[in-house]
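User: Hey, can you walk me through how this assembly packs? I'd like the chain contacts and then a couple of helix pairs.

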Amino acid sequence: MSRGSSYDRHLTIFSPEGRLYQIEYAFKAVKSCGYTTIGVCGTDGVAFVTQLKAPDKLIDPASCSHIYSISPSVGMLTTGFPADARSIAQKARQEAAEFRFKFGYEMPCDVLAKWLADNNQVYTQHAYMRVMAVETMLIGINDDDEDNKKPMLYKVDPAGYYAGYHASCAGTKEIECTNWLEKKMKAYLGESKKPLSMDQAVRLGISALQSVLSEDFKASQLEVGVISCESSTFRKLSEDEIDDHLVAISERD
Amino acid sequence: MSRGSSYDRHLTIFSPEGRLYQIEYAFKAVKSCGYTTIGVCGTDGVAFVTQLKAPDKLIDPASCSHIYSISPSVGMLTTGFPADARSIAQKARQEAAEFRFKFGYEMPCDVLAKWLADNNQVYTQHAYMRVMAVETMLIGINDDDEDNKKPMLYKVDPAGYYAGYHASCAGTKEIECTNWLEKKMKAYLGESKKPLSMDQAVRLGISALQSVLSEDFKASQLEVGVISCESSTFRKLSEDEIDDHLVAISERD
Amino acid sequence: MSRGSSYDRHLTIFSPEGRLYQIEYAFKAVKSCGYTTIGVCGTDGVAFVTQLKAPDKLIDPASCSHIYSISPSVGMLTTGFPADARSIAQKARQEAAEFRFKFGYEMPCDVLAKWLADNNQVYTQHAYMRVMAVETMLIGINDDDEDNKKPMLYKVDPAGYYAGYHASCAGTKEIECTNWLEKKMKAYLGESKKPLSMDQAVRLGISALQSVLSEDFKASQLEVGVISCESSTFRKLSEDEIDDHLVAISERD
Amino acid sequence: MSRGSSYDRHLTIFSPEGRLYQIEYAFKAVKSCGYTTIGVCGTDGVAFVTQLKAPDKLIDPASCSHIYSISPSVGMLTTGFPADARSIAQKARQEAAEFRFKFGYEMPCDVLAKWLADNNQVYTQHAYMRVMAVETMLIGINDDDEDNKKPMLYKVDPAGYYAGYHASCAGTKEIECTNWLEKKMKAYLGESKKPLSMDQAVRLGISALQSVLSEDFKASQLEVGVISCESSTFRKLSEDEIDDHLVAISERD
Amino acid sequence: MSRGSSYDRHLTIFSPEGRLYQIEYAFKAVKSCGYTTIGVCGTDGVAFVTQLKAPDKLIDPASCSHIYSISPSVGMLTTGFPADARSIAQKARQEAAEFRFKFGYEMPCDVLAKWLADNNQVYTQHAYMRVMAVETMLIGINDDDEDNKKPMLYKVDPAGYYAGYHASCAGTKEIECTNWLEKKMKAYLGESKKPLSMDQAVRLGISALQSVLSEDFKASQLEVGVISCESSTFRKLSEDEIDDHLVAISERD
Amino acid sequence: MSRGSSYDRHLTIFSPEGRLYQIEYAFKAVKSCGYTTIGVCGTDGVAFVTQLKAPDKLIDPASCSHIYSISPSVGMLTTGFPADARSIAQKARQEAAEFRFKFGYEMPCDVLAKWLADNNQVYTQHAYMRVMAVETMLIGINDDDEDNKKPMLYKVDPAGYYAGYHASCAGTKEIECTNWLEKKMKAYLGESKKPLSMDQAVRLGISALQSVLSEDFKASQLEVGVISCESSTFRKLSEDEIDDHLVAISERD
Amino acid sequence: MSRGSSYDRHLTIFSPEGRLYQIEYAFKAVKSCGYTTIGVCGTDGVAFVTQLKAPDKLIDPASCSHIYSISPSVGMLTTGFPADARSIAQKARQEAAEFRFKFGYEMPCDVLAKWLADNNQVYTQHAYMRVMAVETMLIGINDDDEDNKKPMLYKVDPAGYYAGYHASCAGTKEIECTNWLEKKMKAYLGESKKPLSMDQAVRLGISALQSVLSEDFKASQLEVGVISCESSTFRKLSEDEIDDHLVAISERD
């Protein structure tokens, strides 16, 4: 195959077409993680939704969570190699704690996203380490303007790229899921956009999973993390709360 | 074979499918260790069971133990290269001792598991060291809530992944053993779960070994490590105690 | 193909023809970024124009900006890998801040261009890092002579070459765009040159994009950064201001 | 041959079957040393027996000894590359001296074995050094309990594995010798074990060499090192003492 | 081709014929720069002449200069990779400034040439950096003897060789140009040599370019740097001055 | 040939048979040095004999000596690469001087041999340096017991092995020479050994050279170094002294 | 060709025959330098003779000298890569200056030769630098014994070997020249040697060049460096002095 003799075996070597193959393979590693993750940014809050799927039945499902609380006001959702994910979460927590200590206020979500992206970019430029096989979503509240707080959703990829999103997804069914989200989010974007409450955002995320994976989830099979403009505090929903959302979705249909 | 020219010879190179072959080969190294190890988490205690098998008859069997006491309240069971296993146990003991010195209380089992997983993840990301060919189980008691102590069982793999388990196994017959455990543990999991005493947990582990390996073990051919919620102290059972369990199993049958 | 066995896989190895292939491939990486960027230097100001194109619809377009404010008086426009671009912008800001701190006045645009070029050259000479896959344009005002301020436009490439330009472009349609610009700029160059106001420069840039890409842009699909001799302050135009320019262009036609 | 292209040429690379070939080759290097070494643990003492064979007749046989006194109470017997062996003995002596200085009592034999194994394990995990082509036996007396001193025999291999042995051997005829020892030692192991005096242990070792190599040794062709529970002091037997043992063996036959 | 398997891909490896191919390829890289540079040493001054050719029309020609003022009394003319050239000029300026600071007088041209040659030699001996693809000419005045000042012209090549020249050239048409210069310089060399004024040296250089490249240059297409014994100060000629020389040449013909 | 693809090109890689090829090749390098060296240990002194052979006639033969005085009481004879030999002699002298300074008495010959062997062993274990292509003989007097001084002869090889010898040789005709020496030395070894005076040792060495190389040497073609128990001082014999020995040998025949 | 797959591409790898190819290739690099150098040691002085040949006619011949004055009393003549030669001369000067500073007298010629040889040997043993492609001759006066001063001539090769010579040569026609010198020097060597004045030594060297290269040299095409026992000061002969020697030679013929 024409992938070329060995361009794809060195982290820091461009192929004749100007591509860095190792980074592209890392993206494949993310996609083959076996689950799908979704983030949706509403008007008064932002939410993560993902499957909670233990690799085997004897595992304590709580050990398989993909959602990490980085600081009281920032949540992280990781997709990819679980060991890399934990390592990233660990470093992000430390960075956030040092930020708070140094500057006296919580590290904002966008600053953390930038820091994480910088970190990842460095791995793509040096020869002695592999890139992290993890895509990371971060949520938080922009409260620079007390009267007009705005929820934020960022995604950072293994190449060190990050961007703000209205909604995003990662993992196994990323392409199908992106299409579904683009269709459904249309109403809430653009100039004539409708408001999208945090609860609606949660349900949108769950519906996306249900529709893309053609599966009916039990509350125990889902993980949801939210942060509302009101509280500015990240928390994971309890199984009961998720169940309420599932009921609401099925009633709406 | 299509495993690809040399993707599998560099620790930190992704294959075009996004796989890190060296980590997968390390798992094979674990599986080819020649024995099977089992951990079972009960309601009031948690237990390790493993074969005690000297490579040759002249060896002092006590030298072949796979069970290490890391601190008074944490036990470790290793599966894989014996030299790597000892090196891990050594480092874990040191870490636990420093923790106790620094914070004034014993290092909890889950913190140790996380520390160990972090350590292993680092080996997968750098080019200059191989990963450890060892899967490690850790047991301890979560006594944050004095009135509701809970036994804990963690498994850490060479890739740096760790999770809490209700029951787990590793080594030569891992797949068969996992199936057997899943079947038998059903009754003790889920909402309508029955309580599982520590003694039952020990017997479950021994039965699993007997059934998967189709072998009748003498007490001297087994190693068992337990920690009960009551004592919060890790200890290995004596040969007599193991014999009592063997008798109880055969009587039950 | 005759590109030669492996001359093109080592950063610091000359081919028998005296070429450094990896640098040439990095240029290809820049060209395959998918968008076109333009800089035009007028008589009383200088402007950047580029497409603002989110990779997918769910992305917040503000996250995809290619224009960075490095200091109050220097703007940067990057073309290439977004993660490399951000990393360069980050370092440039830091350098500019340190310059201001050390010398008490803003870092001039040409000094910054030289510093950035030096940085890039170093990557081409060492074996352990890849070159940055980014072409960078910088604009600023030369105010050494208070009465005769002159706008400046510099472009720095991945090989560490930099030069001052009357007008320049980079990215996907670089060759077509250069031809278009050369034709249109003739009137404003040479001895009998006509003056070119900053507003004209902006419109020239937009027209170049429209004509080369054969596309009609909405204001929200463009990014424009300007700096005038009068204010000596870099700023990005608002969507309304861009719209005014678009109207002016269409009326002129 | 299927040993695989290059899995066996990198110290720290697992083969697809999870093997580390370089370690296995190091074992072969040990086996091709040209002599056989034996250690036998008795009830009141422990002994080493090995051939003393100068590579050529002009060499001073005393230079070819494989037995080293590490501290007054620990003896070492090495099998493999002589230069590696000397280097290990040198380091062990230094470690033992530092231990005595730091803790005020002699370094016990098992602690030294563990230290040596740790050392060897490290060589298997790093890429920049080869493993030591030496198997090391260590003997000493466990005198934790003054009234019940117990002789100890440890073997440390190049992979960093160590274990306590009732009897062990290494070198050219390792397999045949192990079989011979297993047969003869049966009587002294298990529950109904007979006591085995140190002198008997020495003669068992000599007989093993004679039988496996089908050779009649002169006292000058053998080296014997012993340590008894009574004296707790390691010493090498004189030629006369070895001769006495040889006479005793031939008389017994 | 027989250039040999891989002798030419390692900086510091001799081929069986005793050649260092990478250095030879670096010379090719210099020759493929696309322009020709000339230095001529007269009796009362010394001059550089080179083409001033912008790669495209939109570039500010002043950015493409190959002539650098290193200190008030030393000028540098570079041929080869522009980014390497700038890097060399930068370092030379720093070195010259430090020399002046340390010793209290300007760094003489020959000392600088030696320093630069030493620098280049080091790159040919180490494995981790490539050699600089630049040939450098340096001019200055030797004023050790106040009454008999002598102009100096040095050329330093990528291999670290340097020498004093009566006249020299580098770049695309180096061979043709050397021949032309040898023929014309004959009259000014040897024992019966005629004096050659600095102005004549400039015109000789320009004529060489015109004749070798078969092109009529405009003043704006040339760069000329001179230093006379009288002033001992390096300066670039203005466009008007160059024009005067062009007129003088055409009138002479 | 089956020497195996590349096992022999890495210093620290074992071949599948457990061999380290690079060390074996270094021994070949020693053997191809073109001359033969001999050491013979007598009862009251020890001697070196070697050819003194200038590579060409214009060379000052004194420059080609293979015998070095390391300290007043230790002599060294090197066989192999002359530059490596000198480097070893240099380091040994420094080590001996530091020993004398630190401990107040001359470094004994056996301690120096051990130190040198340790040094060589290190080169075989690390990847970044080649082993020394030199075999070294050392002579001295063991004067621990004033009344029973004993001459010592040690040989250290490139692999880091060293041993005491009654007589030894190295270089081109090593095998033939060893055979000759074994035959002639028989009378002086074993239990019924005859005494061997230092002068006899010198003549034995010279005869060995004459017989093995089938050549009649002139005094100027030989080098002899001796140290007697009486003086404990190393010295080289003068040409006249060597001549006396040659005469004695021819008269004896 | 059988030079072997890749033994010749690694500095520090022995071939199966025990050769270090890279060092042999470096000798070829010296031989291909294009000129011949000669040193002749007389009774009351010692001389260097070499061709002074500028690579092209425009070069200042003084720049092409191969003779360096290292200290007032030591001269150096280099053959090989000019940039390496200069680098060696530079380092030697520094070493000599430090020696004089430290010890209060000039560094003797033989000490310098040893230091240089040590330096070169190190390059052959490490993997990260190439060896120097230069053969170096050094001349000086041994004035340890005031009444019997002796001229010295040393040659140091790239492998780190050095020796004293009566006469020596290096470069393109080394073999022919050595033969010529051996024939002519016979009369001045051995026991019945005739005295050879320094002037005769100079003329011998010139004659050697003339005869080996079959060329008649002009004084300006030769370089001669001498040091006499009387003055103990190294100096280069002027063109007139060389001319006198040329006349003397032609008259003698």
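**Chain contacts and helix packing**

Analyst: Starting with chains C and E: 33 residues of chain C touch 32 residues of chain E, where contact means heavy atoms within 4.5 Å. This is a predicted model, in which local features need pLDDT of at least 70 and side-chain atom pairs count only at pLDDT 80 or more, while totals for chains, interfaces and linings use all residues. Residues are numbered from 1 along each chain as its sequence is written, chains are lettered from A and ligands numbered from 1 in the order in which they are written, and side-chain values use heavy atoms, with hydrogens and water left out.

User: How much area is buried between chain C and chain E?

Analyst: About 2,900 Å², with 57% from carbon and sulfur atoms. Buried area is the accessible area (1.4 Å probe) that two parts lose on being put together, summed over both. On the chain C side, C:F14, C:Q125 and C:Y161 lose the most area to chain E, together 24% of what that side buries.

User: OK, what about chain D and chain E, how far apart are their closest C-alpha atoms?

Analyst: 19 Å, and no contact joins chain D and chain E.

User: Switching to helices. Where do α2 and α3 of chain A sit, and at what angle do they cross?

Analyst: α2(A) covers residues 82–103 and α3(A) residues 109–125; their axes come within 11 Å and cross at roughly 130°. Helices here are DSSP runs (H or I, at least four residues), numbered from the N terminus. Axes are lines fitted to C-alpha atoms over the stretch in contact, with angles from 0 to 180 degrees between N-to-C directions. The pair is therefore oblique; that label is for what's left after under 35 degrees (roughly parallel), over 145 (roughly antiparallel) and 65 to 115 (roughly perpendicular).

User: Which residues of α2(A) and α3(A) meet?

Analyst: From α2(A), A:I88, A:K91, A:A92, A:E95 and A:F99; from α3(A), A:V111, A:L112, A:W115, A:L116 and A:Y123. They divide into eight nonpolar, no polar and two charged. Nonpolar means Ala, Val, Leu, Ile, Met, Phe, Trp, Tyr, Cys and Pro, charged means Asp, Glu, Lys and Arg, and the others, Gly among them, are polar.

User: And α4 with α5 in chain G, how do their axes cross?

Analyst: At roughly 135°, coming within 10 Å. α4(G) and α5(G) are therefore oblique to each other.

Key
Helices (H or I, at least four residues) and strands (E, at least two) are DSSP runs, numbered from the N terminus.
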